[in-house]
Amino acid sequence: MADWRLINVLVLGIGFMFIFSAFQTCSMVEQTVITDARDAPNSTFTGNGYTSLATIYVVFAAANWIAPSVVALCGPKWSMVLGGFLYLLFIASFLYPMTWALYVGSVLVGIGAAVLWTAQGSFLTLNSDAETVGRNSGIFWALLQSSLLIGNLFSYFELRGATTISDSRRTVLFGVFSGACFLGVLSFVFLRKAPFTSSKEIQNVNISTEVVNVMEDRPAGPVKALVQSFKLMATKNMLLLSVCFAYTGLELTFFSGVYGTSVSNTKILKDPDALIGICGMFIGAGEIIGGAAFGLLGKRTNRFGRDPIVLLGFLVHTVAFFLIFINIPDIAPIHKTEDVAYFYSVFPNEYVAVLCGFLLGFGDSTFNTQIYSILGFMYPDESAPAFALYKFMQSLAAAVAFFYSDVLMLKWQLLILQVMCVLGSFCFFIVEWGASHLHGPGMYTSID
């Protein structure tokens with residue numbers, strides 16, 4: 001007899017793999033594509049990639065509070081179809097860039113993101129129990145993060161040798177992205193209803209996107225979720241953790257949008273547009289390796305607690321920020337340049353750029369897996385508001401970062417990241433120290 005829960009998880013992961021192979025690669029090349037479209041002869045297009053991405057995350061943050069009701073009304077399966085379709089509209093808008101379509105699409109995909117991720121958390125929970133949730137979340141994580149490899153591999157071959165992204169090249173690029181996204185949405189249609197699973201069976205298990213308890217037909221409405229979340233926000237531990245949440249949002253903005261644009265704008269590098277794809281692939285490799293080491297294998301790697309892993313992430317990101325500072329020109333996030341970096345004797349290097357991509361992805365995975373772990377451990381009975389707050393703060397910080405990314409030189413962006421990395425890590429250590437003294441040995445819980 002077929003294990004339909006496992007099949008559902010596989011189809012779910014494949015659907016997300018297709019959608020985010022398109023969307024995450026789109027985010028990395030968006031500013032470059034928009035700049036070239038704006039600079040084309042006789043162009044009337046006036047859109048801005050950073051503004052578009054900032055809009056996405058502002059709407060995503062706000063829409064977290066209405067998404068639970070949408071999922072309760074439509075069910076997880078059709079909510080994912082709806083959310084995925086909104087992603088498709090946004091990606092398809094790049095086939096023929098129009099300023100109004102860019103910003104309308106940005107609002108729609110922000111709403112779609114909140115609905116899609118809320119529904120994903122509910123559906124994964126419905127298809128898991130205490131014995132299979134680690135396996136299922138691990139399968140989903142691996143398929144999701146592989147999207148960074150697949151999408152950026154295609155981007156590399158398509159943009160290799162290009163000095164600008166022409167209309168014809170953009171049409172091919174986003175035609176393929178739209179097709180991949182459509183396949184992802186279509187795959188959700190084939191998901192089957194899973195047998196009932198009691199939420200008590202998976203309590204204390206961390207599912208990062210669980211923001212509504214649809215399983216027991218008692219969905220939390222947006223007002224109730226908002227009230228619960230703000231009550232939780234007022235607690236000392238959540239205020240401290242919010243600093244770490246905000247840091248993950250800032251560095252998400254940097255590695256998903258700013259870094260690829262900066263590499264592409266550094267014209268002294270060899271084939272910089274194609275290098276976006278290589279850097280994206282190594283960001284994905286870092287995410288997958290870190291997620292496997294500290295997520296799937298968390299029972300082994302977390303034996304000394306979460307603090308050493310967060311400390312490792314802090315050190316990895318600090319090294320990455322310094323290497324980027326000496327390797328990428330200061331003006332690169334804003335426009336194309338043939339300048340060298342901060343030290344005039346050091347020329348931008350392709351291998352260092354790729355290494356920094358890997359370090360950014362690996363460091364991101366260390367912070368996120370441990371945030372998932374500590375929230376799942378500390379708030380087993382308040383997981384919905386806890387994870388809603390995490391997503392809200394992360395999305396809000398990402399939006400703020402996209403707004404300043406178009407005006408601040410690289411050194412100031414890196415300084416903000418480094419300061420927040422220090423503060424976020426320190427706040428995490430305080431919460432972890434308090435939890436370890438309160439609960440004693442045996443407190444450590446991996447994301448599986």
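Me: Which does Arg 170 count as, buried or exposed?

Reply: Arg 170 counts as buried, at 5% relative accessibility. Buried means under 20% relative accessible area, exposed means over 50%, and partly exposed lies in between (1.4 Å probe, protein chains only). The model is predicted, so local features need pLDDT of at least 70 and side-chain atom pairs count only at pLDDT 80 or more, while totals for chains, interfaces and linings use all residues. Residues are numbered from 1 along each chain as its sequence is written, and side-chain values use heavy atoms, with hydrogens and water left out.

Me: Which residue forms a salt bridge with Arg 170?

Reply: Side chains of opposite charge can pair when their charged atoms come close. Here the partner is Asp 167, with the closest N and O atoms 2.9 Å apart. The cut-off is a side-chain nitrogen of Lys or Arg within 4 Å of a carboxyl oxygen of Asp or Glu. Both residues lie in helix α7, three residues apart, which is about one turn of the helix. Helices are DSSP runs of H or I, at least four residues long, numbered from the N terminus.

Me: How many salt bridges does the structure hold?

Reply: The structure holds five. One of them joins the side chains of Lys 267 and Asp 273, at 3.6 Å from N to O. Lys 267 has a relative accessible area of 24% and is therefore partly exposed, while Asp 273, at 1%, is buried. Another is formed by Asp 330 and Lys 411, whose closest N and O atoms are 3.8 Å apart. That pair links distant parts of the chain, 81 residues apart: Asp 330 is in the loop between α12 (307–327) and α13 (350–378), and Lys 411 is in helix α15 (residues 410–439). Asp 330 is partly exposed at 26%, and Lys 411 is partly exposed at 33%.

Me: What else is found in the loop between α12 and α13?

Reply: Ala 341 is found there, and it counts as buried at 4% relative accessibility. Ala 341 and Phe 325 are 16 residues apart in sequence, but their C-alpha atoms are 7.2 Å apart in space.

Me: At what angle do α4 and α7 pack?

Reply: Helix α4 (residues 76–92) and helix α7 (residues 167–189) pack at about 175 degrees, with axes 9 Å apart. Axes are lines fitted to C-alpha atoms over the stretch in contact, and angles between N-to-C directions run from 0 to 180 degrees. The pair is therefore roughly antiparallel, a label for angles over 145 degrees.

Me: Which residues of α4 and α7 meet?

Reply: With contact taken as heavy atoms within 4.5 Å, α4 contributes residues including Trp 78, Phe 85 and Leu 88, and α7 contributes residues including Phe 174, Cys 181 and Val 185. The contact divides into 15 nonpolar, two polar and one charged residue. Nonpolar covers Ala, Val, Leu, Ile, Met, Phe, Trp, Tyr, Cys and Pro; charged covers Asp, Glu, Lys and Arg; the others, Gly among them, are polar.

Me: How many disulfides does a search of the whole structure find?

Reply: A disulfide is a covalent bond between the sulfur atoms of two cysteines. The search finds zero, with a cut-off of 2.5 Å between cysteine sulfur atoms. For Cys 356, the nearest cysteine sulfur is that of Cys 279, 8.3 Å away. The sulfur of Cys 421 is 8.6 Å from the closest one, in Cys 244, too far for a bond. Cys 356 is buried at 0% relative accessibility, and Cys 421 is buried at 0%.

Conventions
Helices (H or I, at least four residues) and strands (E, at least two) are DSSP runs, numbered from the N terminus. Angles under 35 degrees count as roughly parallel, over 145 as roughly antiparallel, 65 to 115 as roughly perpendicular and the rest as oblique.
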